[in-house]
Amino acid sequence: MHPITATQTYVTVILPLAVPKPYTYAVPEPLVPEATFGKRVEVQFGKSKLYTALVIEQHRRAPEAYRPKPILSVVDEEPIINKIQLQLWQWLADYYLCTLGEVMHAALPANLKLASETRLTLSPLFDEAMDGLDDKEYLIAEALTLQNEISIEDVRGILQQKTVYPLIRRMLEKRILYLKEDLKTKYKPKTVSCVRLQEPYASQPQLLEEAFELCSRSTRQVEALMAYVQLAKKQEFVRRQDIYSKANVDASVLKAMEKKEIFELYEREVSRLGGYEEDTVDADVLSGQQERALEELRGLFREKNVVLLHGVTGSGKTRVYIELIQEAIQRGEQVLYLLPEIALTTQVTGRLEKVFGDQIAIYHSRLSNNERVEMWNSVLGGKPLVLGARSALFLPFRKLGLIIVDEEHDSSYKQYDPSPRYNARDAAVYLAHLHGAKALLGTATPSIESYFNTKTGKYGLVEMPERFGGLQLPEVELVDAKRAMQEQKLHSHFTATLLDELKAALERGEQAILFQNRRGYSPTYRCLTCAWHSECIHCDVSLTYHKFRNALKCHYCGYTAGLPDACPACGSKQLTLKGFGTEKIEDELKIYLPDAKIGRMDLETVRGKNAHAKLINDFEEGRLDILVGTQMVTKGLDFERVGIVGVLSADQLLQFPDFRAGERAFQLMLQVSGRAGRKHKQGKVIIQAFNTTSPVIREVLANDYSGFFTREMTERQEFKYPPYYRLIRITLRHKKPKTLNEGAQIFEKVLKGKLGEWAMGPAVPYVGRVRGYYLLDFLIKLSRDAKKIRYAKEVVEEAIDTMQQTSGYSGVRVGVDVDPY
């Protein structure tokens, strides 16, 4: 143990835990030069737990309330974060009412957060010979060959020393060790399906004539071979897809040629971290509208830091982004391109890679821990373009010049659980401000908040009202499902109009997308005698029937139950399925369109990392005729041959207990209809609704955003909702309803005592119990006044402390959601 001297140096550190404020430790003299800002240090917290904490300041101020413990070692040689990142963390903690430790936990990749319980395993690539290891590394590796996994605590025992983090960091970097959960989520290498010649043709090209002879009776095989020969001259490897499109053949042709021993079909591994293999191409020529938008954007960016680009679906916004990204990279700046969900962005990624090649890095939650650290370091090293979902905000940018938030209205930008419950769009605007960078928000259906900011002059606004190439926006037709039902023209969930249009589109060789915002087969299982319905045992929600598994499932906690033979309440055998989800639509469409090839895209079918890309690929290449999906199908996908888009139940979108229901429904319907008729012809959208008088549906039909905005703003002002007012929702949770109710009374007393009528509640939320925890909500509504909002946040913190310090209520969990979305 190093002695603590009189002229003591201290460090303030953040621990990766939800402790209210940063903690101070003493620095032993020999470690003073190393323990500087942005490096991780090994510390003891609590009685015996050791953590890696992050230094945010070195100073000479001794804490008054406690005697600081010394740090044990310095883990890093170089800082892993910069000052701007810390400013972003502090703003997030302050604005969203959480601790710096929670923000750090969300921001750092797992390999950079080690704790005593972290489990280590030996890398599968590790060579048993153990060459090049020093004595301590050898001991650890040997221990791991004898047992599968050990904890960091065990490493201390094996080496008989307390400080082991620097050694573990070295072994992780050398890829001798892996974190245990890392191997569980181990990434399959990314592969592309390719074709090559078998022997003897591969090594003796002069024998190819024999191969042509072998397939001379099939013109399609000859064409495939010709295509291969031409492609092989230009490319180092030939993808099957290239042959399919060049020779206009399908997989069966290549399979037949494999049988004849001409071709070998194989999977080629492609690097994950964007080692882009193909030649980059120059972006297409700009249209007049795109040129004008770019001029306006450059002009506005001289005066304003944030600009909203409101362009209809298919107006070519991505092409405008590409131009701005190129300009920023030429100035030597980094660019962050945010997307709502990385899984839904295979197409955008493809387009950007064609232009930027391996200047681009892609960051998202499905990367393994090692890949995240690789990414972290490449951004620290100045990688020019980062494409990512909301967590990419936390990367260590050095010189950020531009942030693009694509589909800025999307609710996936909001993090729900765990804390920090931040909105990545708003955090991106703040991050741009910290870097002195510009932020561009792009969408076809702006969120009310962003559009309001353009009206008040806070943001600039650029509009792109026409589709690229002069294409018309799709024709939208509203079909009255109630009337169809009365006239007996409603077949299951499809009106005759929709079925006729689907049949006609398929006959023309076009594809269709059907949208229904419910996954599963049927939302509830009911008893006709006593109205019992299947409910989850842990949550207050109905179980959803999934035909594929023939089981009932809870979409909140994952609980699964079998189908009862009789009603558990009254014993009646008259049980029926009510409502309809994507699985049922897929099933019933097969009755009406027996020849159509139907695929389904919802959370159930895209669980795996590659499942999503495969579905999109199948639809793009025409192996599917109809895609049935939840809101996933609305997000930024471009398919050339989609002629018809059907919204099966517009009413369901509107009947939601949320003040944003109208806004969401408007955005979803416009986004879905934007999928119809892209490249060559006008498409058609059919919206089925039982209540056709809804103003939102009328505004969708007229594609009237400004009418929708004006009406919505009047309602929001009248009922005191954002953007005129600010909301903070506080949720209390406990397994015992009695404890929860009593705790809520203590909380309410402080809250309402100081905030009066600004605070409302407690109320039981729409789903009152989730995963065995009972819930109660409070809501605070405030006018847009910074002092008021600061005061309200202080009162919330005081109410939480008062309740949790009262004997018996420390176990009541509290979740604070600022600007709930």
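Residues are numbered from 1 along each chain as its sequence is written. Because the model is predicted, local features need pLDDT of at least 70 and side-chain atom pairs count only at pLDDT 80 or more, while totals for chains, interfaces and linings use all residues, and side-chain values use heavy atoms, with hydrogens and water left out.

Two packed helices are described by the angle between their axes and the distance between the axes. Here the axes are lines fitted to C-alpha atoms, for helices over the stretch in contact, with angles from 0 to 180 degrees between N-to-C directions, and the elements themselves are DSSP runs numbered from the N terminus (helices, H or I, of at least four residues; strands, E, of at least two). Helix H4 (residues 152-159) packs against helix H5 (residues 165-173) at an angle of about 110°, the axes being 11 Å apart. That makes H4 roughly perpendicular to H5, given that 65 to 115 degrees counts as roughly perpendicular, under 35 as roughly parallel, over 145 as roughly antiparallel and the rest as oblique. In the contact (heavy atoms within 4.5 Å), Ile152, Val155, Arg156 and Leu159 of H4 meet Tyr165, Leu167 and Ile168 of H5. These residues divide into 6 nonpolar, no polar and 1 charged, where Ala, Val, Leu, Ile, Met, Phe, Trp, Tyr, Cys and Pro count as nonpolar, Asp, Glu, Lys and Arg as charged, and the others, Gly among them, as polar.

Rings of Phe, Tyr and Trp (its six-membered ring) pair if their centres lie within 6.5 Å, and planes under 30 degrees apart count as stacked, over 60 as edge-to-face and the rest as tilted. By this rule the count comes to 20 aromatic pairs. The rings of Tyr95 and Tyr96 have centres 4.8 Å apart and planes at 75°, so the pair is edge-to-face. Tyr95 is buried at 17% relative accessibility and Tyr96 is buried at 1%, where buried means under 20% relative accessible area, exposed over 50% and partly exposed in between (1.4 Å probe, protein chains only). Tyr721 is partly exposed, with a relative accessible area of 24%.

Most residues other than glycine have a negative phi, and most peptide bonds are trans. Leu97, in the loop between helix H1 (83-95) and helix H2 (100-107), has a positive phi of about 55° and is buried, at 12% relative accessible area. Glu261, in the loop between helix H10 (251-259) and strand E11 (263-270), has a phi near 60°, and at 52% relative accessibility Glu261 counts as exposed. The peptide bond from Pro722 to Pro723 is cis, with omega near 5°, and that from Gly761 to Pro762 is cis, with omega near 0°.
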